[in-house]
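Here is a short tour to read alongside the sequence and the coordinates. Keep both open and follow along as we go.

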Amino acid sequence: MASNASTVSQPLLTADGTPLKVSLKRSMRRSKLRAIGLVLPPLLFLMLLFIIPIGNLLTRSVDDRLINYQMPLTFSIIEKWDSQTLPDEELFEAVYYDLGTINKFLITNNTGREVNPDDPGWRVIIPKRGPYKEPILKINPLWGEVETWMPLSRIVHNSLEYEGSKKEKRNVEKRAQFDICSYLTPLTNAACSRLFKVLKNWDQQSLPDEKFYKALYKDLSSAHKFLTGKSSTRMNYEKPGWKSLVNKSRRGFNKIKNPPYKEAMIKIEKRWGDVNVWQSLVAMKDPFTSGYYLNAFDRKYDVDSNVIMQPEERQVYVMLWWRTLLLSLIVTIGCLLLAYPTAHLLATLPLKYSNLLMICVLMPFWTSLLVRIVAWMVMLQQEGVINDVLVSGGILSDENRLPMMYNFTGTVIVMIQILLPFMILPIYSVMKGIPPSYMRAAQNLGATPSLAFLKVYMPQTLPGIGAGVILVFIVAIGYYITPELVGGKDGKLIGNMVAYHMQKSLNWGLAAAMGTVLLGAILILYWVYDKIVGIDNMKLA
Amino acid sequence: MALPIYATPLQRLWHFTYLAICAFVLFFLVMPLIAVIPISFSSSPFLEFTPGMLAFDPEAFSLRWYRILIGDCSDPGITTVCTDRWIIGAQNSLFIGIIATFLATTLGIMASLGLSRPHMPYRKAIMAVMISPLIVPLIITASGVFFFFAKLNLVATYAGLIFAHTVLGLPFVVITVTATLVGFDQNLTRAGASLGGGPLRNFFKIQMPLILPGVISGALFAFITSFDEVVIVLFVGGPEQVTLPRQMWSGIRQEISPTILSAATILVIISILLLTTVELLRRRTERLRGVTPS
């Protein structure tokens, strides 16, 4: 009895005397840690170079802080305005200081928020030709202290300590000039070269003198010009005309010497007397905007922040979304119709023939995308192979050569050929696993071949069809290269619009918003794909 | 797939339609690639089969476009642009491709080994992240990477392109190597460990040779992805980083000369070679696993 009880109460021990449970747990934990240790480096790599950049891109689609940096004083008091009648002197004055002076860089610690409109620093005007020191200190006395200048000096000295080739040194110093500007302002691509030059020879102890303030003023002025340019472009998205209004006003503001500003500003630009202009300014106050998303669907806010359609001539994107969807659907269905019989043939032929035919499927898969596009250009152009064959075969007359390139048709043909392997391969691998005896059994039980196919064979191939359809659709919807090269005017898709706004029009917020919508759609499809196929089962060729 | 003798005429008709569709599809897939090859040997600057070529006139064929491709501009009859950028592009593509492939393969093997261990937590989620670069459209990846690299000063550098291409190649390695690891007998490494082999030695002596086919085909996929990639190069690369696809891109956009076709021909031949390699590797894996191709 006693010995029996002891075996029950005493836990099982391993050779070194620790309880088995503890030992097992420990080895399990070690195995887990080792697995995590292996996965961590690649995961971090991907996080840093892929997930974070994309997340960063997505934030750009709502980020609207730029105008807040440009108009801190105006936005801090604009709420007092009733939004109906022409604003009074106070608001005009604020716009005058925001557009015409660099004071905001000197006071607000460049956050653009938490602005105190009663600070007298806002209303100090630094004379164009100096002296600079006195007014700058009046705006913000902190600039008279050595500590305020230290971080800037540190940026300069760190860059001077860099050792390397002459070219590298020059690059590092150039970089430091950008860093100074991005320390002082929200801009990353303005260079503060004068400050760099002055700070290079500073002993970091003596009180900064007039030439420091001159450099500060000049550098910040050019940065301010830059910021105004960028933010007025952004304001133009809200209401066309803002860019020219801001540019004209900036030049005109030099002539205004004394208040009242209201009449003077309206005299320079009569648009300042238009309530609509001021109303559009209210809409831009929020540091986050959904405006880019609305714009991506041809919509915008009106004065009372209701969502309305863009004017007719600016409506392009909804049509593009539909076209992208339509083209992806056509391509997907086209691929399915072509792929199904082919996959069936490949799956049912004896291996020695099917291997040979499989090469036909895999070869395009392995060939450079651009090579395939070039090949199609040779085939499809007006003087191309297909038209030549049709003409010499007497089907077409020489003057009626078919336009198959640089249009919607061309894009569809080329994309189907490019994506066909993505459809054939998953369907093929599913069909390969269906025993041929099933069809025979169904026919044996009295089904006609077509009924047996519909009721027995086809349902079993559905997973393959699902995988192929989603895969092709995902790839097609985000396509860029093919439509860009063969799409011409009416074959362009959303992907091309993203590229256009990234590279040409530089409306990055809109590009990011369209990219986000596209990405969202694709992630949903990816999730569905995972449910149907499981990403673990994704196979390549 | 022969038709039974008792097939009705309708069935016969359907069967031949089916075969015709399949023949059309296979023809449709390969024909453009094949058609490029003879035109690249044409002596005329037009992208078409000239009457001379169809008559097999030896005068109509020449290697002049290949000479331009390798930067030999001595041909007096050339009216198209002749630069050494094709050669530089090929060198750059190889350089970027090889380093990116090496990085992607190393990271990919680590990830696959970790993900294939039995006690890996959040396996599915991590797998989804690993494969995501394959799913996200290139244009979005390129835009995101462009802004991010601009902050890190990596725009217009080789390092930037290599990193971005590594990201794109990683999923391929992860997919192929995890697939090979599914059939891997963990007892083999345990046996190695019990015989005194350290984890590294065990890996290189036991596991690596067995998963090698998966590693190589993953690496080939990663390489071909980098070698063929143009969107990221357009966004992130500077004028110095001209790669072969980028040179083709600008060639297609500016003036399509048969030089592009000669480059295309060479790439088609390379892709046939790669395809053969991967196919042979696949058969080897199946043989090793004891699955004979039925």
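How far apart are the centres of domain 1 of chain B and domain 2 of chain B, taken over C-alpha atoms? The separation is 35 Å. Please keep in mind throughout that this is a predicted model.

**Domains and confidence**

In chain B, domain 1 covers 9–69 and domain 2 covers 85–254. Chain A is divided into domain 1 (2–60), domain 2 (67–289) and domain 3 (320–537).

| Domain pair | Distance between C-alpha centres |
|---|---|
| Domain 1 and domain 2 of chain A | 54 Å |
| Domain 1 and domain 2 of chain B | 35 Å |

As for confidence, the average pLDDT of chain A is 85, and 96% of its residues score at least 70. Within chain A, the element with the lowest mean pLDDT is helix α1 (residues 2–9), at 51, while helix α16 (residues 317–348) has the highest, at 94.

**A kinked helix in chain A**

Next, take a look at helix α2 of chain A, which spans residues 20–60 and has a kink of about 40° centred on A:M47. Its buried residues are A:A35, A:L38, A:V39, A:P42, A:L43, A:L46, A:L49, A:F50, A:P53, A:I54, A:L57 and A:R60. What do the buried residues of α2(A) pack against? Within chain A the partner is α25 (508–532), and from chain B come α4 (85–116), α5 (123–135), α6 (138–152) and α7 (158–182).

**Where the chains meet**

The contact between the chains involves 78 residues of chain B and 77 residues of chain A. On the chain B side, the elements giving two or more residues are α1 (9–40), α4, α5, α6, α7, α9 (199–228), α11 (244–254) and α12 (258–288). Of these, α1(B) gives the most, with 14 residues. Sorted by class, this side of chain B has 65 nonpolar, 10 polar and three charged residues.

**Nonpolar cores**

The largest nonpolar core has 165 residues, and those touching the most other members are A:V374, A:L419, A:V472, B:V231, B:I232, B:V236 and B:A264. Helix α20 (residues 408–432) of chain A gives this core the most, namely 15 residues. There is also a second, separate core of 56 residues, with A:I67, A:L73, A:L220 and A:Y261 among them. Coming back to B:V236, its contacts beyond four places in sequence are B:A142, B:V145, B:F146, B:F149, B:V155, B:G160, B:L161 and B:A164.

Start with A:L326, which sits in helix α16 of chain A. Is A:L326 exposed, partly exposed or buried? It counts as partly exposed, because 13 C-beta neighbours lie inside 10 Å. A:L326 and A:I477 are 151 residues apart in sequence, yet their C-alpha atoms are 9.4 Å apart in space.

Then find B:C82 in the loop between α3 (64–69) and α4 of chain B. B:C82 is partly exposed too, since it has 18 other C-beta atoms within 10 Å. Leaving aside neighbours within four places in sequence, B:C82 is in contact with B:I68 and B:C73. From B:C82 to B:G71 the C-alpha distance is 6.7 Å, across 11 residues of sequence.

Methods
Residues are numbered from 1 along each chain as its sequence is written. Chains are lettered from A and ligands numbered from 1 in the order in which they are written. This is a predicted model: local features need pLDDT of at least 70, side-chain atom pairs count only at pLDDT 80 or more; totals for chains, interfaces and linings use all residues. The bend at a residue is the angle between axes fitted to the seven residues ending there and the seven starting there. Helices (H or I, at least four residues) and strands (E, at least two) are DSSP runs, numbered from the N terminus. A residue is buried if 20 or more other C-beta atoms lie within 10 Å of its own, exposed if 12 or fewer, and partly exposed in between; C-beta atoms are placed from the backbone. Two residues are in contact if their C-beta atoms, placed from the backbone, lie within 7 Å. Ala, Val, Leu, Ile, Met, Phe, Trp, Tyr, Cys and Pro count as nonpolar, Asp, Glu, Lys and Arg as charged, and the others, Gly among them, as polar. Domain bounds come from an automatic or database domain assignment. pLDDT is the predictor's confidence in each residue, from 0 to 100. A nonpolar core is a set of buried Ala, Val, Leu, Ile, Met, Phe, Trp, Tyr and Cys residues joined through C-beta atoms within 7 Å.
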